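Please read the following walk through one protein with its two ligands in view.

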Amino acid sequence: MQKQKRALITGITGQDGSYLSEFLLEQGYEVHGIIRRTSTFNTDRIDHIYEDPHQKGAQLFLHYGDLTDGTTLRRILEEVQPIEIYNLGSQSHVRVSFDSPEYTVDSVGMGTLRLLEAIRDYQHRTGIQVRFYQAGSSEMFGFVQEVPQKETTPFYPRSPYACAKVYAHWQTINYRESYGLFACNGILFNHESPRRGETFVTRKITRAIARIVAGKQKVLYLGNLDAKRDWGYAKDYVRAMWMMLQHPHADDYVIATGETHSVKEFLDLAFSYVNLDWQRYVEFDDRYLRPAEVDLLIGDSTKAQQQLGWKPLITFEQLVALMVEADLRAIGQTSPNCSGTYAIEDIATIRHEMISS
Ligand code: NDP
Ligand code: GDR
């Protein structure tokens with residue numbers, strides 16, 4: 001009988017960690033996640049898949065740990081004995097990384113190094129071959145040097161977060177080349193969902209729309225509306241992470257939709273979904289500006305499409321609608337009749353995704 005595959009995820013309580021856990025459980029994996037001790041539970045995104053570990057047949061297990069604590073990482077590796085490790089844990093907010101640069105670099109950059117070192121020793125001692133996924137970011141491209149950005153585009157990071165991700169990227173390659181570790185860098189462009197953290201711009205907008213519709217909010221304060229991002233759907237992107245680790249060779253891949261939209265365009269589409277004009281509600285607040293901005297991101301994922309057979313399934317329009325719908329429902333509001341803006345098949349896809357969003 002084939003042995004059950006066991007995966008370890010850092011950042012399991014985050015947006016991607018929760019979708020990846022669901023995906024791996026569906027694939028028949030036993031899933032282990034590292035969570036941080038907090039004064040109140042913050043496992044909302046995975047509560048629906050968590051089972052009491054005392055229950056026979058439980059497939060999801062949580063372990064206390066932190067990427068800033070190398071000893072614990074080593075202990076968890078020994079205990080879990082995973083064959084796939086997904087390093088998704090990070091202080092992932094770009095604006096916040098300017099306020100807390102040391103902590104950001106410690107968790108994102110040094111945290112990755114700690115994990116890689118722990119894996120190197122673990123592999124050496126046990127002979128178990130591990131496959132490692134590093135959550136790289138389009139923020140590493142930063143200042144625009146080439147459009148669209150692909151695997152060969154030079155990095156020009158513009159924040160403490162992005163600098164730390166570049167460090168983690170190169171360390172991952174270094175462990176692949178120096179020690180033969182099966183280690184992949186995903187260079188993922190922005191990806192969103194109803195589970196996106198509330199302070200990232202897309203979710204901040206869709207959540208505000210629901211609150212405006214419910215009469216609970218009048219103004220939405222935002223920063224730079226001209227920045228352009230290549231926004232995809234998180235569920236499509238976690239599938240790509242897994243596909244990288246199933247490929248015969250470890251490599252680095254850009255994961256993106258190949259479309260770019262400004263924050264203004266996101267606002268236009270999201271507010272039009274509830275028949276409102278965003279210009280009546282949005283005000284500027286310079287607190288949300290960054291000391292250095294990334295103006296334009298658009299990715300070329302040809303390599304992933306050709307070598308992994310990956311492609312995004314949800315369009316930008318569907319993503320925006322999905323997020324607005326989910327926030328409306330969460331606040332007890334019904335969705336409007338939006339068939340004017342959206343085709344019937346869009347609505348069908350959105351409703352289907354809502355079931356598991
Ligand atoms: P989230 O911010 O939603 O989740 C981050 C996760 O990391 C949370 O589980 C958080 O735990 C955990 N974490 C934070 N600090 C530490 C630490 N010191 N030790 C261990 N865990 C920690 O991020 P996403 O799910 O959106 O992103 C997943 C990864 O992908 C991140 O590394 C991010 O930088 C990267 N990425 C994300 C993109 C996106 O568009 N979403 C694009 C490209 C890369 P807690 O819940 O306790 O805070
Ligand atoms: P980003 O995402 O920085 O691209 O990083 P975010 O949603 O924070 O910003 C996108 C763009 O919107 C502009 N913006 C605002 N952003 C926020 N958060 N809040 C605002 O009020 C606001 N107003 C305008 C920003 O200036 C920016 O240009 C995300 C994170 O998930 C990273 O971890 C990941 O690596 C990258 O995506 C790819």
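Which domains does the domain assignment of the protein give? Domain 1 covers 6-192 + 231-255, and domain 2 covers 201-229 + 262-296 + 314-355; the bounds come from an automatic or database domain assignment. This is a predicted model, in which local features need pLDDT of at least 70, side-chain atom pairs count only at pLDDT 80 or more, and totals for chains, interfaces and linings use all residues. Residues are numbered from 1 along each chain as its sequence is written, while chains are lettered from A and ligands numbered from 1 in the order in which they are written.

The C-alpha centres of domain 1 and domain 2 are 28 Å apart. Their contact involves 14 residues from domain 1 and 14 residues from domain 2, where two residues are in contact if their C-beta atoms, placed from the backbone, lie within 7 Å. On the side of domain 1 that touches domain 2, helix α3 (residues 94-99) gives the largest share, three residues. That side of domain 1 is made up of six nonpolar, three polar and five charged residues. In this classification Ala, Val, Leu, Ile, Met, Phe, Trp, Tyr, Cys and Pro count as nonpolar, Asp, Glu, Lys and Arg as charged, and the others, Gly among them, as polar.

For the protein as a whole, the secondary structure comes to 11 helices and 13 strands. Helices (H or I, at least four residues) and strands (E, at least two) are DSSP runs, numbered from the N terminus. The radius of gyration is 20 Å, close to the 21 Å that the globule rule gives for 357 residues, so the protein is as compact as a globular protein of that length. The radius is taken over C-alpha atoms, and the rule is 2.2 Å times the number of residues to the power 0.38. Along the principal axes, the C-alpha trace spans about 60 × 50 × 45 Å. Of the 357 residues, 45% are buried; a residue is buried if 20 or more other C-beta atoms lie within 10 Å of its own, exposed if 12 or fewer, and partly exposed in between, with C-beta atoms placed from the backbone. Among contacts with a separation of 6 or more, 80% join residues 24 or more positions apart.

The ligands come next. Ligand 1 is surrounded by 28 residues, and the closest are Gly11, Gly14, Gly89, Ser90 and Ala135; a residue is near a molecule or strand if its C-beta atom, placed from the backbone, lies within 6 Å of it. Two or more residues of this shell come from each of α1 (15-26), α4 (101-126) and β5 (131-137), and α1 has the largest share, three residues. By class, the shell around ligand 1 holds six nonpolar, 19 polar and three charged residues.

Ligand 2 has 21 residues around it, of which Ser92, Ser137, Gly223, Ala227 and Tyr288 come nearest. Each of domain 1 and domain 2 supplies at least three residues of the shell around ligand 2. Helices α3 and α6 (201-213) each supply at least two. The shell around ligand 2 divides into eight nonpolar, seven polar and six charged residues.

Gly186 lies in strand β6 (residues 182-188) and is buried, with 25 other C-beta atoms within 10 Å. Gly186 and Val254 are 68 residues apart in sequence, yet their C-alpha atoms are 6.1 Å apart. Ala234, in helix α7 (residues 234-246), is buried with 24 other C-beta atoms within 10 Å. Ala234 and Tyr19 are 215 residues apart along the chain, with 7.5 Å between their C-alpha atoms.

In helix α8 (residues 263-273), the buried residues include Phe266, Leu267 and Phe271. The buried residues of α8 pack against α6, β12 (261-262), β13 (282-284) and α10 (316-330).

Some backbone details remain. Asn275, in the loop between α8 and β13, has a positive phi near 60° although the residue is not glycine, and counts as exposed with 12 C-beta neighbours inside 10 Å. Gln81, likewise not a glycine, has a positive phi of about 55°. The peptide bond from Val147 to Pro148 is cis, with omega near -10°, and Pro148 sits in the loop between β5 and α5 (160-179).
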